[in-house]
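User: Could you walk me through the aromatic contacts in this one?
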Amino acid sequence: MTQTANKIGFIGAGRVATALASALQAGGYPVEAVYSRSGASAQRLASQLDGGAIAVCPEPQSVADLCDLVFITTPDDVISDTAATIRWNERHQVAHCSGALSIEVLEPVRRAGGKVGGFHPMRSFALPEADSLRGVTFALEGDGPLLETLKEMAASLGGDWVVVPSQDKTLYHISAVLASNYLVTLLKAATELWKGLDVPEPQARKALLSLMSGTLDSVESLGTSGSLTGPIARGDYDTIRRHLDRLETTSPTLRSAYRSLGLLTIPIAAEKGTLEGDTAARLRDLLTDGINAQETERQLAR
C-alpha cells in the first residue's frame, strides 16, 4: 500500500541509511533524494532503491530543496554542523538517526520553523539487510505531528517504538552499548581464555556463541532472573573463589570485570529465589574485597 508521507530524502548514505531507506521504499514511502560526501555511496544507495531513478544530490541543500521529510544519517559528530549549514523552512520535517544524541542538535531546523525528530533503530548494522528492521524497536523523539509520523513509520516497518525524552537519551544509549557493544567485548574476553586450553579461536568462538544463543533463547522465554544459571545463581562460593584465584595470574583486568559483573548478578539470583541472604552476603564480601582494595590503592596514589 502506498503511504501518504511527504517526499523523503537522506543526507548520509551509510549502513543505517541503506537499511532504513530500503525498508521505507519497500513499504511504499517515497524516497526521492540522497546525498553523501562519498558520491559512490550515494549512487549505490540510489541504485538499490529504484534502479538509479532516485536523485543523487551534489550537496545537502539539494536534498532539503527536493524533500519535505529529511533523515540526517551522517556520523553523530557532524549532525549538528550538517543541520546548521542548510536553509530550512516551515515545511521541513527533519529527523536524525543517532542513538546517542537528542533532537536538540537539530535546533537550526526549529529556528527556521521546521519540526525535528529522532528515529533510532535499536539494531547493530554490522551486516545491513534490506528487511533488517522488522521486529526492531525504534527510539523516538519529535515535535507534535512529526512524532506521530515516526510512530506510523516504525509500525509500518514491522517494528515497535518507544518515546525517549531528550534528557534520558544518554541512559538509553548506555543501555544499548551494554547490550550490544559490550556483549562483543565479553565474547572476546571469554574466547581469549580458551588460549590456555590450546583451542583455536574459531572453535572457541563457535562453542561460546552456541552457549550465548541458548542463553538468549532462555531470556526470551523465561525473562532475566528466570534464565540465570551458573555459580552465583547456585550460591557456589568455592567455585567463584577459584575463578578469582585463577584470574589473578591469568588476567588481572578481567578479574576486576568478573568481580563487578558478579556483584551485578547477585540481585538477579536473589530475585530468582535461588540465592539466600547469608550466601548472598558472603558472595558480596568475596567479590567486593578486591574492589575495595583497588579503590584504597587509588586513593593512596593521589
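Analyst: What follows covers the ring pairs and then the charges over rings. This is a predicted model, in which local features need pLDDT of at least 70 and side-chain atom pairs count only at pLDDT 80 or more, while totals for chains, interfaces and linings use all residues. Residues are numbered from 1 along each chain as its sequence is written, and side-chain values use heavy atoms, with hydrogens and water left out.
User: How many aromatic pairs are there?
Analyst: The structure holds 3 aromatic pairs, where rings of Phe, Tyr and Trp (its six-membered ring) pair if their centres lie within 6.5 Å, and planes under 30 degrees apart count as stacked, over 60 as edge-to-face and the rest as tilted. One of them joins Phe-10 and Phe-71, which are stacked at 5.2 Å centre to centre with 20° between the planes.
User: Which strands do Phe-10 and Phe-71 lie in?
Analyst: Phe-10 lies in strand β1 (residues 8-11) and Phe-71 in strand β4 (residues 69-72), so the pair ties together parts that are 61 residues apart in sequence; strands here are DSSP runs of E, at least two residues, numbered from the N terminus.
User: And how do Phe-71 and Phe-119 pair?
Analyst: Their ring centres are 5.8 Å apart and the planes are at 50°, so the pair is tilted. Phe-119 lies in strand β6 (residues 115-121).
User: Which residues form the aromatic cluster?
Analyst: Phe-10, Phe-71, Phe-119 and Phe-138 form one cluster.
User: Switching topic, which ring does Arg-282 lie over?
Analyst: Arg-282 lies over the face of Tyr-237, at 3.9 Å from the ring centre, the criterion being NZ of Lys or CZ of Arg within 6 Å of the ring centre and within 35 degrees of the ring normal.

Key. Helices (H or I, at least four residues) and strands (E, at least two) are DSSP runs, numbered from the N terminus.
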